[in-house]
Amino acid sequence: MDRVCPGPRVTRRQMLQVGLASYVGLSLPQVLRAEQQRRTLPARADACLIIFLNGGPSHLDMWDPKPLAPAEIRGEFRPIPTSVPGVHFSEHLPKLARQMHRCTLIRSMHHSVNNAHAAAVYCALTGHDRGEIGGGARPDDHPCIGAVAGRQRPPQTAMPAHVLLPFITKEGAGGPPQPGFFAGWLGKHYDPFVILKDPNAPDFGLPELTFGPDITPQRLDQRRRLIDQLLQGQSRLAPTDLDTARLRAYELLTSPALREAVRLDREPVKLRDAYGRNIYGQSILLARRLLEAGTRVVCMSWAPDANATWDTHGSNFVKLKRELLPQLDAAVSTLLEDLAARGRLERTLVAVLGDFGRTPRINGNNAGRDHWNFCYSVLLAGGGIRAGYVHGASDKIGARPSLHPVTPADLIATIYTCLGIPPDLELYDRLQRPLVVCPWGNPISAILS
């Protein structure tokens, strides 16, 4: 764990509260804890979709082209104008370029991790930069955005608070699950509901949400009440993770909202085609349906393992041109149009980001680009984010921020702010230690609407 941050100072108001609370048997720590956990901000967004381009997308070949740089820097792609005058994207993002007037583009992201994907992913998704300490997810990791949002702003419907799809991305093929996607020290009952089936498959569905032939809703309810009776003798004890998981499973099994949300066959064929008939395009469409049904946060990880998609050490331009950019262009541009048409973009925050960027200089591995943490780009839209704006800038070759540097902690603090969650919120781990959710980041006020 990175470190335990000191809690807030005790104010005169809090001391008066303690004096009153002592009459009903409450201690100072209990009063402070209750006050911390009640803290909220005005929420700009009710839901958030994180489209995580796992592996490190090339900012130079997507959002931050450098047409005046030498050939070994600028690469093969031409810049094209976007719907915001003076802002250019890659020629292979034409549909998304027409949506820039709805977006904020940050071109000055940076952090300290250049080697281990796991550490960079963890930094990007939680805001906690621990340097090159790699390895898989651990129970003492800092929690992801979805876990905190589920803790502070649980859904108002019987839906999972946050969902991870369509992969639990591994740290290399056969490696452990990457950190940054789970609840960590908040506890496993705040982990995401995971959908690992391909939404583009003709037989897509979640059979685990369907009753077996010998089970009816009434019989399931009888079983639940029987378990409750057997556990009555333990009612004086705090609920265990198993108790919480059992209750959560029952709620999801009996939730018509979730069963309906995964019915992609309800969508018009033309719209499904526009999102893209591939696992990622249909996952983003599924995410939109889950958020509409009440889920707070969906994280879509665009890779089965860290090296499978956006980690373009070799054949960078071939992979981007033939597969990655057309899929991204179709899915994200359609999502923004779709949310706007439904009147939901204003309250839905969309964040398109990766673990880092790619090197300015093209390598000799069939024109690839390697890891580059010193400068990269992130795209945001909706949910309280300023529209038609570019924040920060990179230098002439896209190597370093030249204006308004931004860290992942700043970005995560901004996302929390949009969701109505104070970034300096103090929560308690399973050992009842106070920890600040995002202690090192500051919300980027310039990009908030």
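Two strands pair if DSSP finds at least two bridges between them. I kept that rule beside me, along with the one for elements: helices (H or I, at least four residues) and strands (E, at least two) are DSSP runs, numbered from the N terminus.

**Ground rules.** I'm working on a predicted model, where local features need pLDDT of at least 70, side-chain atom pairs count only at pLDDT 80 or more, and totals for chains, interfaces and linings use all residues. Residues are numbered from 1 along each chain as its sequence is written, and side-chain values use heavy atoms, with hydrogens and water left out.

**Strand 7.** Next I checked its neighbours. Strand 1 (residues 47-53) pairs with strand 7 in the parallel sense over five bridges, and strand 5 runs parallel to strand 7 too, joined by four bridges. Which residue of strand 7 is the bridge partner of leucine 49? I found valine 298, and valine 163 also stands opposite valine 298.

Then burial (buried is under 20% relative accessible area, exposed over 50%, partly exposed in between, with a 1.4 Å probe and protein chains only). Five of the five residues of strand 7 are buried, so the strand is largely enclosed by the rest of the structure. Val297, Cys299 and Ser301 sit on one side, Val298 and Met300 on the other, and both faces are covered.

**Cavity.** On a 1 Å grid over the protein atoms alone, a cavity is a set of points where a 1.4 Å probe fits but cannot get out; lining residues have an atom within 4 Å of a point.

Of its 13 lining residues, Cys144, Gly146, Gly180, Phe181 and Cys299 are the closest to the centre. Helix 6 (145-152), strand 5 (162-165) and strand 7 (297-301) each give two or more residues to the lining; strand 5 gives the most, with three.

Conventions
On a 1 Å grid over the protein atoms alone, a cavity is a set of points where a 1.4 Å probe fits but cannot get out, and a pocket is an open set with protein on both sides within 12 Å along at least five of seven lines; lining residues have an atom within 4 Å of a point.
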